[in-house]
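Dear colleague,

Please find below the structure that I am handing over to you. My notes on what was found in it follow directly after.

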Amino acid sequence: MYDFLKKLGIKEVNSGASVGGEAGWLETGGEELISYSPIDGKAIASVKQANEKDYEKVVEAAQEAFIKWRLTPAPQRGLVVRDIGYELRRFKEPLGELVSLEMGKIKVEGMGEVQEMIDIADFAQGLSRQLYGLTMHSERPGHRMYEQWHPLGVLGLVTAFNFPVAVWSWNSLIAGVCGDTVLWKPSSKTPLTAVAIMNILAPVLDAHGLKGVFNLAIGKGSQVGEKMINDKRLPLISATGSCAMGRKVGQAVAARLGRSLLELGGNNAIIVTEDADLDMAIRATLFGAVGTAGQRCTSTRRIIVHNSVKDKFIGTLAKAYAQVPIGNPLEEGVLMGPLVDQKAVDDMMAALKRVKEGGGKIIYGGGLASVTGLEGGFYVEPTLVEAPKDLAVMRDETFAPILYIVGYDEFDQALELHNGVDQGLSSAVFTTSLKYSEAFLSHAGSDCGIANVNIGTSGAEIGGAFGGEKDTGGGRESGSDAWRAYMRRQTNTINYSSEMPLAQGISFDL
Ligand code: UN1
């Protein structure tokens, strides 16, 4: 066993459900789930999953805790989150390493992910004193109007494998200062990072005497996930994953008139104009498309490049691709680790088959990559495709390092191609022209939730609201005023006069 696993309290067999604190682990009754590392395909450790009964216990604990937690003053809730931030700082390296081991991103990216957690903890603590509502001028004399934000209840949180810990923190730490309690179902591909988080949290929760505020239930869809989306006791479901998953979650939650916050697929493009700084564009593209082996929601999947610079762009990028060190993500110097599992490899190969059928040309890569000593791992080559404008597979999000390159002549045409997909998460333009950059950011420009100039599509800071439009689901998480999704707004009108005037000037006297 790796040393960092011990530091994080990972055992050979771990409980899959916790209601917080050292003693909060449940004796779970579900099936055992083995977590395999994509690095070598070998088992790391396992989790005894939660079954329906365990799920029930965890929801009840979360509900019970909410009754008290919602009355704890928000700045005091902020202090708990602050202490979680301190612990995350202490465990940044081992947790980053575990993320790397369990999902395959390179160690610096794993640590970067933990840094996002630390940053959001700081943000959330500040926010705990700034959950502001507006005041309005009443149209009636002697009346006052204002709005206040109340805690919502138990948040049901479903996270994906690719950011197994950061997305937990964006949701849980913000929801936590908002006065909600949280029931977390992590991806079954990354159960151990979830166990590690609960272990890191345990001493903080114990020190503050908290149980049931931050809860975990690792389990099968039928025993945990399905239950959550249909459970009226969870007023908000926040889910990250594919568009197909989001459609299912969104419909189930809507059917019970619950709220959902969806952060789904992206099909992120960069427009490279004729006057762009190509060196910057290439560097951003490389990180965006090859980083995390193309497994970020924000990964760059399409380049829409002006035809006058297309060949140069492709030539330089192909050279850069040939130099990408592929291998064990825990080793220094490696820039691309494996895909998460065999299915991800199969999906990539199926997409490349469709590329060929649709008349696309593979300029670089396209195959599996072998790493000596790690034959059981899921390594692929980063792949560049020169694509005709109407290549059907380019419209889908394939969670793999495939980058489609399309040429254009007029900027309007580039925008049309850019917006001509179902997803709307992240986007960027590389240009030195004010005209293009403003057009890209205008109402008629990018239709995505994130639009950048001379910055790539991935690697967003936590301070902004994160999420996208169209099939990306419309949800916003993390910074700015994304906290509002985790609270309920109440409009209050107070009459301090001795009269009873009605609004809209209505008279209703006998
Ligand atoms: C995700 O892929 O689900 O902007 C989140 C980024 C990261 C978060 C990605 N800060 O790439």
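The end C-alpha atoms of residues 25–491 lie 40 Å apart, and this span is 39% helix and 20% strand. UniProt, in an unreviewed entry, annotates residues 25–491 as "domain: Aldehyde dehydrogenase". Please note that this is a predicted model.

Domains

The domain assignment gives two parts: domain 1 (3–264 + 473–491) and domain 2 (269–465). Taken over C-alpha atoms, the centres of domain 1 and domain 2 are separated by 30 Å. To the contact between them, domain 1 contributes 28 residues and domain 2 contributes 25 residues. On the domain 1 side, helix 4 (92–103) and helix 5 (107–127) each supply at least two residues that belong to the face touching domain 2. Helix 5 provides the largest share of that face, with 6 residues. Sorted by class, the side of domain 1 that touches domain 2 holds 10 nonpolar, 7 polar and 11 charged residues.

The ligand

The surrounding residues are Glu116, Asn162, Phe163, Val167, Thr240, Arg296, Cys297, Thr298, Ser458, Gly459 and Ala460. By class, this shell consists of 4 nonpolar, 5 polar and 2 charged residues.

The annotated active site

An unreviewed UniProt entry places the feature "active site" at Glu263. Glu263 is located in strand 11 (residues 259–263). Is Glu263 buried or exposed? Glu263 is buried, because 29 other C-beta atoms lie within 10 Å, and a count of 20 or more is what defines a buried residue. Leaving aside neighbours within four places in sequence, Glu263 is in contact with Thr240, Cys297, Gly467, Gly473, Gly475 and Glu477.

An open sheet is formed by 3 strands in the order 5-6-23, with antiparallel pairing. Strand 5 (135–136) and strand 23 (487–495) stand at the edges with a single partner strand each, so one side of each has no neighbour in the sheet. Strand 5 pairs with strand 6 (residues 143–151) over 2 bridges. In this pairing, Thr135 stands opposite Tyr146, while Met136 has Met145 as its bridge partner. Strand 5 and strand 6 form a hairpin with 6 residues between them, and Gly142 in the turn has a positive phi of about 65°. On the other pairing, 9 bridges join strand 6 to strand 23 in the antiparallel sense. Met145 takes part here as well, with Thr493 in strand 23 as its bridge partner.

Ala175 and its surroundings

Ala175 belongs to helix 6 (residues 166–177). Ala175 is buried, because 27 other C-beta atoms lie within 10 Å. Not counting residues up to four places away in sequence, Ala175 touches Leu155, Asp180, Val182 and Tyr486. Which distance separates Ala175 from Trp483 in space, given that the two are 308 residues apart in sequence? From C-alpha to C-alpha, Ala175 and Trp483 are 7.1 Å apart.

With kind regards

Conventions. Residues are numbered from 1 along each chain as its sequence is written. This is a predicted model: local features need pLDDT of at least 70, side-chain atom pairs count only at pLDDT 80 or more; totals for chains, interfaces and linings use all residues. Helices (H or I, at least four residues) and strands (E, at least two) are DSSP runs, numbered from the N terminus. A residue is buried if 20 or more other C-beta atoms lie within 10 Å of its own, exposed if 12 or fewer, and partly exposed in between; C-beta atoms are placed from the backbone. Two residues are in contact if their C-beta atoms, placed from the backbone, lie within 7 Å. Two strands pair if DSSP finds at least two bridges between them. A residue is near a molecule or strand if its C-beta atom, placed from the backbone, lies within 6 Å of it. Ala, Val, Leu, Ile, Met, Phe, Trp, Tyr, Cys and Pro count as nonpolar, Asp, Glu, Lys and Arg as charged, and the others, Gly among them, as polar. UniProt positions are given in the numbering used here, feature names are shortened, and annotations may be inferred rather than shown by experiment. Domain bounds come from an automatic or database domain assignment.
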